[in-house]
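Dear colleague,

I am handing over the structure we spoke about, and I would be glad if you could look through it alongside the notes below.

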Amino acid sequence: MFIPGFKIDDHNDKLLKAHQRKLKMVSEEIRNAENIIEKLMQFQVAIPSWALGTGGTRFGRFSGKGEPGTLEEKIEDIGLLHALNRSSGAISLHIPWDIPRNTQSIKALAAQLGIRFDAVNSNTFQDQKDQSWSYKFGSLHHVDKKVRQQAIEHNLEVIEYGKALGSNAITVWLSDGSSFPGQLNFRKAFQNTLESFEEIYRRLPSDWKMFIEYKAFEPNFYSMTVGDWGQSLLYASKLGEKAYTLVDLGHHLPNANIEQIVSLLLMEGKLGGFHFNDSKYGDDDLTVGSINPYQLFLIFYELVEGMDERNMNHATDLGWMIDASHNVKDPLEDLLQSVEAIKIAYAQALLVDKEKLKAAQQENDVVMAQEVLQNAFRTDTRPLLTEARLRAHAAIDPLLLFRELKVRDELIRQRGSVKIATGL
Ligand code: LRH
Ligand code: MN
């Protein structure tokens, strides 16, 4: 489904006056409003190819309708999101869930919709039907070299798909671990995994990055072989300058201070990117900013502070990706909300009075430090996001226009209601 420009213009014409009034109000409060709007226009978030259909849990899956049944339809859906918010200009593929059958036509379709290929993801946490060796007891850490070699070759195959599409990074998340004490020799598991990573790293193109995604638990419930930021940093440091850690917000033990982890990984130059989502308990993969928007803001403050300290380009030097699963919301509406929440937190972080905060920290003025931070968090940055969209010819209110145009009904009319999207 394609959204013609005039439909967006009609929508914006109706909402323009109200927007300009709000923008005028907040711009009087925010001294660097113009700079923030420009930065917001450059900031793109990659959409996961595996989160364009309805997700489920082990207790069930309530399938949605009009879901994309092919990679082409998934790219079209991301094209829809990008037309509405001009902030979703990238896709992150998961192999083999989304193998590009015809690379040229896939690249042409994505280019036509203004979408680039972000990190590609390997999958050695499921057995494929034509697979020789099972990953039941792990993949890159497996006690059997044959299984490790099979998993290494899969990752090399994923890199080839990525190269063909113009991606320049691979994300490796391992479900490898143990569920009972005694099941695993932790040192051997680490050494097998490092040796396997080295095989993959040796074949990584010179301009590529390898993102090592850690996770505290699930599907193993006693140990994970890449279980936390420290272990991921250990692998990435031993591998070399093209290896980085990847922070999935849902992959931490309860009450972990993720913003401190982010600050230290940035300090080490080993933070590669993010899988944004939100959670109250485990790896809930909920809408970004839906449970703990203050934590998201604090993470973005550490990102802005740490990236500026290293003169990094906010828009391009880290991997900004969503990783969510939609059990009860329309996948496209959920993703629109997630992109909005990410950019609201980024804008709030950009308006923090850094000098005032540094002075408060220097004087141990804890009260003032909190005031400076929460003043930014309590500032409504949405008119800045709207202005950035407007200048990019996107919709003033993407979610409202998605509903006004009855996009889901049109997708159901075009695709029927039985198609199920590959993914989680
Ligand atoms: C694991 C994970 C990983 C993906 C998968 C879809 O929980 O976050 O990033 O490979 O979800
Ligand atoms: Mn993830």
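What follows is a short account of the overall fold and then of the salt bridges.

Please keep in mind that this is a predicted model. The chain is made up of 15 helices and 11 strands, and its C-alpha atoms occupy a box of roughly 65 × 60 × 40 Å along the principal axes. A compact globule of 424 residues would have a radius of gyration near 22 Å, and the chain, at 22 Å, agrees with this. Of the 424 residues, 55% are buried, and among the contacts between residues at least 6 apart in sequence, 79% join residues that are at least 24 apart. The exposed surface comes to about 19300 Å², of which carbon and sulfur atoms supply 52%.

As to charge, there are 48 positive and 57 negative side chains, and the centres of the two sets lie 3 Å apart. The structure holds 24 salt bridges, including one between Glu333 and Arg403, whose closest N and O atoms are 2.7 Å apart. This pair links distant parts of the chain, since Glu333 belongs to helix α10 (residues 331-350) and Arg403 to helix α14 (residues 398-404), 70 residues apart. Glu333 is buried, at 13% relative accessible area, whereas Arg403 is exposed, at 53%.

Another salt bridge joins Glu67 to Arg61 (3.5 Å, N to O); here Glu67 is buried, at 2%, while Arg61 is partly exposed, at 31%. Finally, Glu73, Glu76, Asp77 and Arg415 are linked in a network of salt bridges.

How values were computed
Residues are numbered from 1 along each chain as its sequence is written. Chains are lettered from A and ligands numbered from 1 in the order in which they are written. This is a predicted model: local features need pLDDT of at least 70, side-chain atom pairs count only at pLDDT 80 or more; totals for chains, interfaces and linings use all residues. Side-chain values use heavy atoms; hydrogens and water are left out. Helices (H or I, at least four residues) and strands (E, at least two) are DSSP runs, numbered from the N terminus. The radius of gyration is taken over C-alpha atoms; the globule rule is 2.2 Å times the number of residues to the power 0.38. Buried means under 20% relative accessible area, exposed over 50%, partly exposed in between (1.4 Å probe, protein chains only). Contact means heavy atoms within 4.5 Å. Accessible areas come from the Shrake-Rupley method with a 1.4 Å probe; for residues, only the protein chains shown count as cover. Lys and Arg count as positive and Asp and Glu as negative; His and the chain ends are not counted. The place of a charge is taken as NZ of Lys, CZ of Arg, CG of Asp or CD of Glu. A salt bridge is a side-chain nitrogen of Lys or Arg within 4 Å of a carboxyl oxygen of Asp or Glu.
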